[in-house]
Protein chains: 4
Amino acid sequence: VVAQIVVVLEPEAGYNNAGTVQGQLSAVSRPGLTCRIGGRTVVLAEGGEQLAERLRATAGVAAVLTPTAGAPLAQREHFPEGTVVDVGGVRLGDGGLAVIAGPCAVESAAQLRAAAVGVRSRGAAALRGGAFKPRSSPYAFQGLGEAGLRLLSEVGQAVRLPVVTEVVDVESLPLVCRHAQMLQIGTRNAQNFSLLRAAGASGLPVLLKRGFGCTVEEWLQAAEYVLREGNGAVVLCERGIRSFENSTRFTLDLGAVAALKRLSHLPVVVDPSHGVGRRQLVRPMALAAAAAGADGLLIDAHPEPDSALCDAAQAIPLDELGAIMVDLRRMMTSLGRRLTTARNEWSPTGSHTALRSPLPARAPVAVG
Amino acid sequence: VVAQIVVVLEPEAGYNNAGTVQGQLSAVSRPGLTCRIGGRTVVLAEGGEQLAERLRATAGVAAVLTPTAGAPLAQREHFPEGTVVDVGGVRLGDGGLAVIAGPCAVESAAQLRAAAVGVRSRGAAALRGGAFKPRSSPYAFQGLGEAGLRLLSEVGQAVRLPVVTEVVDVESLPLVCRHAQMLQIGTRNAQNFSLLRAAGASGLPVLLKRGFGCTVEEWLQAAEYVLREGNGAVVLCERGIRSFENSTRFTLDLGAVAALKRLSHLPVVVDPSHGVGRRQLVRPMALAAAAAGADGLLIDAHPEPDSALCDAAQAIPLDELGAIMVDLRRMMTSLGRRLTTARNEWSPTGSHTALRSPLPARAPVAVG
Amino acid sequence: VVAQIVVVLEPEAGYNNAGTVQGQLSAVSRPGLTCRIGGRTVVLAEGGEQLAERLRATAGVAAVLTPTAGAPLAQREHFPEGTVVDVGGVRLGDGGLAVIAGPCAVESAAQLRAAAVGVRSRGAAALRGGAFKPRSSPYAFQGLGEAGLRLLSEVGQAVRLPVVTEVVDVESLPLVCRHAQMLQIGTRNAQNFSLLRAAGASGLPVLLKRGFGCTVEEWLQAAEYVLREGNGAVVLCERGIRSFENSTRFTLDLGAVAALKRLSHLPVVVDPSHGVGRRQLVRPMALAAAAAGADGLLIDAHPEPDSALCDAAQAIPLDELGAIMVDLRRMMTSLGRRLTTARNEWSPTGSHTALRSPLPARAPVAVG
Amino acid sequence: VVAQIVVVLEPEAGYNNAGTVQGQLSAVSRPGLTCRIGGRTVVLAEGGEQLAERLRATAGVAAVLTPTAGAPLAQREHFPEGTVVDVGGVRLGDGGLAVIAGPCAVESAAQLRAAAVGVRSRGAAALRGGAFKPRSSPYAFQGLGEAGLRLLSEVGQAVRLPVVTEVVDVESLPLVCRHAQMLQIGTRNAQNFSLLRAAGASGLPVLLKRGFGCTVEEWLQAAEYVLREGNGAVVLCERGIRSFENSTRFTLDLGAVAALKRLSHLPVVVDPSHGVGRRQLVRPMALAAAAAGADGLLIDAHPEPDSALCDAAQAIPLDELGAIMVDLRRMMTSLGRRLTTARNEWSPTGSHTALRSPLPARAPVAVG
């Protein structure tokens with residue numbers, strides 16, 4: 001009989017205590033995986049109820065769980081402090097509001113550069129952009145792939161912003177890991193458990209979008225697949241669910257955001273762009289998400305929204321992003337919170353020069 | 001052939017021009033109904049396309065519509081200025097944020113009095129409370145009926161707040177009109193067209209809740225039933241829709257609020273209490289609704305939430321309402337808006353005395 | 001303390017035992033309402049737990065319930081035998097499959113007559129048709145009202161079929177009762193509790209459509225409002241719910257039909273026409289509903305579907321109805337069931353003559 | 001400019017004409033992929049509008065499409081004949097009704113053997129069973145993996161039924177292909193486009209379950225990912241969608257089945273077990289699915305349902321499967337259709353003996 005054992009140590013207990021736990025495990029079974037989740041040291045192991053009982057009596061151990069269902073590692077119950085996820089120096093979940101902005105898809109060096117400079121100079125804390133695009137139809141633009149990743153990496157370094165980009169399969173995961181500071185799991189892969197496990201094992205922070213047909217409970221269980229690999233750097237991203245209403249593309253479920261802030265210790269980010277799918281509604285929904293308690297926002301911004309190759313209807317121009325940032329800053333201050341800023345120094349002039357040489361000019365990719 | 005004709009006058013055109021329109025109507029058909037909708041004078045009539053054509057050429061006429069579907073009176077297209085609804089001196093839709101608070105159901109004089117003094121002293125602009133309660137089960141508490149209405153009226157006057165209460169059928173409409181300053185149409189009657197017509201004809205302002213299974217389009221068409229009676233004082237109230245998610249009671253659709261602010265000229269109010277159905281989530285969702293652009297909030301507040309006879313799980317204590325008001329005030333200011341305050345002077349001490357004599361002490365109604 | 005008491009008598013116990021129950025009630029409270037529900041005699045009363053306890057000891061009493069929520073009268077638990085509802089001689093719920101067909105809306109004498117003769121001659125057991133039409137938009141055709149009712153009554157008698165028609169408010173209920181053999185409560189009034197109570201009190205059989213946003217549980221509670229008036233002749237009608245899918249107008253929930261046949265003792269009818277909203281899909285969904293265990297079908301059939309004033313897209317021509325009836329008859333036989341036929345003798349030739357004189361020819365009502 | 005070109009040949013045109021098309025392609029671009037889809041020869045290529053125009057003039061070419069969205073290969077428009085998919089000799093889509101039955105998860109040799117003998121002897125045409133189980137929680141039983149596949153393969157051969165089993169990632173795809181006659185793509189991977197492409201490239205028939213949050217349109221686009229790899233053997237499987245209703249586990253959308261039979265040329269199968277999630281409702285929903293026009297059924301059947309390690313609530317005992325088969329056979333006959341039977345001869349006695357030796361008895365896998 002092989003069952004899962006989750007050993008949560010006391011907040012102040014550290015690797016010494018974990019070592020003791022591991023010692024006990026080694027005596028009767030395989031050693032476990034020591035990791036940090038929700039601000040605590042956790043040992044993930046296998047064994048029977050007898051072993052669990054013995055571990056409960058070990059110094060520094062706060063709780064020993066033997067789950068057969070659910071998502072105990074994702075829940076706040078045993079991790080009351082809340083998780084802070086570090087993405088290339090940007091902290092998500094520390095009380096601030098971090099804006100991650102950029103184009104839905106990387107289309108060309110010129111487009112990405114303009115977008116990156118634009119979002120950085122308006123106060124975004126990280127750069128988003130898709131190189132692998134999971135599209136409903138196989139005939140729609142599927143992204144630039146590896147070339148897009150290289151662009152993201154180069155431009156991200158130039159504007160000194162960490163890069164968040166989507167990974168769509170286990171095959172391309174190592175490649176994405178070389179170029180990004182955070183892995184995005186998209187809504188259509190929200191229950192692709194092989195991919196979740198692999199993303200967990202990569203050790204990179206994971207932005208886990210909610211499946212548009214998934215309950216909050218299933219979403220936390222998906223997060224559990226990442227956490228169980230010993231990767232505590234999971235950020236949940238609400239991006240709209242399916243409902244009967246069709247005046248917006250999806251129904252942005254901010255009630256779930258408020259619920260999650262109580263239910264889970266993981267940071268919660270909101271994507272108002274995909275949530276409503278209409279450019280004019282991004283601003284009010286970005287403000288609403290922040291007011292509901294989100295730790296960050298993921299916003300589609302494009303230097304020329306009308307010509308975007310992907311989800312053009314929801315991309316906002318860079319100046320609209322600027323206006324949103326002004327509102328957000330004021331609103332956060334009024335509520336005793338603040339906007340999270342990028343860690344690194346950067347000035348538009350310098351970086352623009354820096355950008356010029358390493359990147360060859362690329363024409364936009366044709367799609368038809 | 002009898003078709004509907006909607007004559008919208010120019011903003012500056014007034015009743016003189018309406019008189020000319022009526023004159024033309026009288027010449028060939030029945031006179032129409034002159035009313036004010038969306039800040040404009042409108043004549044609602046019947047007639048054929050020939051008559052419509054003639055009216056289009058009349059002085060002061062901005063548009064003549066001959067709808068056979070849809071909700072032209074509810075849409076912003078012909079009424080760009082936006083509607084301001086006056087509820088006993090409190091203005092909804094003027095840019096401010098009005099909080100309408102009180103118990104879900106009137107239970108007793110003591111309960112209502114405590115609730116009313118509590119919400120008034122914390123800054124609510126109007127008093128809500130149900131006397132006729134449409135409950136899913138016939139065995140659940142159905143409200144105090146007429147006795148509840150009298151209490152609402154008396155207590156509302158005592159704390160000098162206008163009263164918003166639900167009307168559930170045409171039979172009891174005259175009674176409700178005698179005691180309330182605004183008629184609430186509940187989610188289960190959102191497409192009870194006979195009731196909508198009667199509420200429209202009453203002339204009282206109408207708070208029209210969204211049917212929890214209704215699209216935004218159907219909701220505006222429901223509003224159109226009220227408007228077509230010549231009653232321009234319609235306020236839309238988002239209160240959550242049905243979705244597959246069950247961590248909240250309903251899914252509060254704030255995207256619909258943002259969409260409606262562009263689509264319609266009518267004020268939009270949000271009921272976070274019914275929307276999420278969980279006390280702990282009212283505060284973040286109230287803030288989110290305000291940030292999304294709502295003109296007002298409808299909040300269940302109860303002096304003793306745990307013993308509420310109706311929807312106890314979602315009622316917040318009065319002190320939580322106070323904390324929400326503080327946050328809302330700060331947030332609105334930061335966004336260049338303000339909280340709407342009650343029109344009339346009132347002091348807790350004076351009113352408390354005033355309240356004491358006219359109302360007999362009533363024991364809570366038993367339910368089992 | 002006034003609580004609800006439901007006294008269910010043993011199957012074999014009749015009005016004598018009910019008299020004893022009433023006697024006990026009269027001794028301590030108001031007498032109750034004796035009625036027949038689910039094949040049993042039931043007394044609906046008010047009183048406390050002491051009284052309930054005493055009634056439990058009374059001869060012939062099977063169960064005494066004191067509900068404070070839910071829908072005990074609608075559930076099979078205490079009424080295992082199943083209800084048979086008689087609609088003008090047609091029995092719903094006796095194991096057969098009854099087809100109720102006709103136009104969505106009564107448009108003219110000629111149209112209704114052609115439809116009635118058409119559905120009768122093809123084997124329908126009852127005639128449907130709307131005189132009061134609750135339409136989402138106030139500008140859409142609202143039905144012929146009283147004139148439509150008179151037509152229904154006359155044509156129904158001529159073809160010797162009972163008439164099922166919708167009642168939309170308490171005001172017009174007496175009028176509808178004079179002309180129909182069964183009251184339909186539409187999906188938009190599925191939680192109009194005042195109307196449900198009045199329909200219950202009318203004593204006529206009630207066809208209760210499911211609210212398109214209502215759960216099965218809420219639907220049974222709506223039925224309970226009718227049952228509690230002492231009216232056991234309730235038939236549930238599944239007509240599609242709201243979901244995210246939009247290739248059909250609604251999502252026909254046949255799983256709910258199968259679930260209800262176990263959960264409730266009331267007959268269940270399915271409306272495939274509104275459920276899918278597309279003419280070509282009525283046939284497969286009619287067959288599927290019958291196979292799922294439905295006791296009847298409600299089908300929109302029109303002599304000239306393309307020119308129907310209401311829901312033209314879903315109306316089937318009369319010959320398609322004929323083809324469906326052939327399939328249904330074969331399928332029911334194969335499953336050991338049968339098609340329910342109209343009770344009265346009728347021949348197309350005779351009735352056509354009979355029809356000619358009493359009904360004046362009416363031109364279709366104009367709508368634009 | 002590189003665009004997609006789809007060349008559909010006339011029904012009678014064969015590989016000779018395809019050769020001509022390929023010749024034209026080779027002259028100006030890479031050769032295309034010649035394959036059979038919907039009973040027609042299709043060439044999938046890349047090129048511009050000029051090339052498309054030239055191909056339109058080629059002998060035997062019925063249509064040349066240049067899609068930039070949608071799912072042209074999945075739609076009936078260009079493939080009116082309908083697809084028949086051969087799964088180890090069992091034909092899906094030829095007008096018959098094929099029942100694919102077996103346990104949700106392979107648990108042990110004894111369990112699978114009993115299930116396989118049970119479903120075969122009751123008339124199933126193929127054996128289902130999961131070796132890789134994608135479970136919402138990482139702590140739930142995840143399947144026996146490769147050992148389960150080997151069991152499926154051995155037992156399938158013993159009872160002479162083709163095996164349908166789920167593939168959950170690209171890594172394990174070659175392994176699954178070695179043991180199964182048909183690949184199942186589960187609801188959670190319904191938009192895992194990398195997996196869909198790989199399944200397409202495998203050449204094996206694919207059973208594509210609908211994503212529980214996906215529209216019919218998205219489902220067909222998912223099928224298009226498989227078809228575009230030149231694999232025309234795609235079967236769609238409706239298994240219930242998410243809705244607000246919770247008396248069943250999902251909402252089985254039989255309207256989508258009826259709609260798909262017109263919209264697409266691909267066979268459609270229904271999984272009533274997952275659709276309703278309750279054992280008692282499998283029978284009526286299996287009948288309803290067949291009546292709605294399904295080409296097959298996927299049914300969870302287990303020798304000891306109550307002890308099933310996966311989805312026990314919905315597994316039916318083998319005798320219930322037998323009763324369903326009897327009903328289905330009668331019903332199909334009454335509608336002019338028939339039950340599809342397994343191709344190969346088999347007798348319970350013989351195969352049981354054959355089974356005994358090669359498979360070691362395995363104890364059920366423990367999960368706690």
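Modeller: Buried area here is the accessible area (1.4 Å probe) that two parts lose on being put together, summed over both. This is a predicted model, in which local features need pLDDT of at least 70 and side-chain atom pairs count only at pLDDT 80 or more, while totals for chains, interfaces and linings use all residues. Residues are numbered from 1 along each chain as its sequence is written, chains are lettered from A and ligands numbered from 1 in the order in which they are written, and side-chain values use heavy atoms, with hydrogens and water left out.

Colleague: How much area do chain A and chain D bury between them?

Modeller: The contact, counted for heavy atoms within 4.5 Å, takes 43 residues from chain A and 43 residues from chain D. Carbon and sulfur atoms carry 52% of the buried area, which comes to about 3,300 Å².

Colleague: Which element gives the most to the side of chain A that touches chain D?

Modeller: Across this interface there are 20 residue pairs in polar contact, both residues at pLDDT 80 or more, where a polar contact is a pair of N or O atoms within 3.5 Å, one able to donate a hydrogen and the other to accept it, and residues adjacent in sequence count only if both atoms are side-chain atoms. The elements of chain A that give two or more residues to this side are β1 (4–9), α6 (193–202) and α7 (216–227), taken as DSSP runs numbered from the N terminus (helices H or I, at least four residues; strands E, at least two). With 5 residues, the element that gives the most is α7(A).

Colleague: Which residue of chain C forms a salt bridge with Arg210(D)?

Modeller: Chain D and chain C bury about 2,700 Å² between them, 71% of it on carbon and sulfur atoms, and in chain D the residues that lose the most area to chain C are Phe244(D), Glu245(D) and Arg262(D), together 18% of what that side buries. A salt bridge requires a side-chain nitrogen of Lys or Arg within 4 Å of a carboxyl oxygen of Asp or Glu, and the count between chain D and chain C is 2. With the closest N and O atoms 2.6 Å apart, the partner of Arg210(D) is Glu245(C).

Colleague: Which strands of the open sheet in chain B stand at the edges?

Modeller: The sheet has 4 strands in the order β2-β3-β1-β4 (chain B), with antiparallel pairing, and two strands pair if DSSP finds at least two bridges between them. Each edge strand has a single partner, so one side of each is left without a neighbour in the sheet, and these strands are β2 (33–37) and β4 (61–65) of chain B.

Colleague: In β4(B), which residue is the bridge partner of Val7(B)?

Modeller: Strand β1 (residues 4–9) of chain B runs antiparallel to β4(B) and is joined to it by 4 bridges. The bridge partner of Val7(B) in β4(B) is Val64(B).
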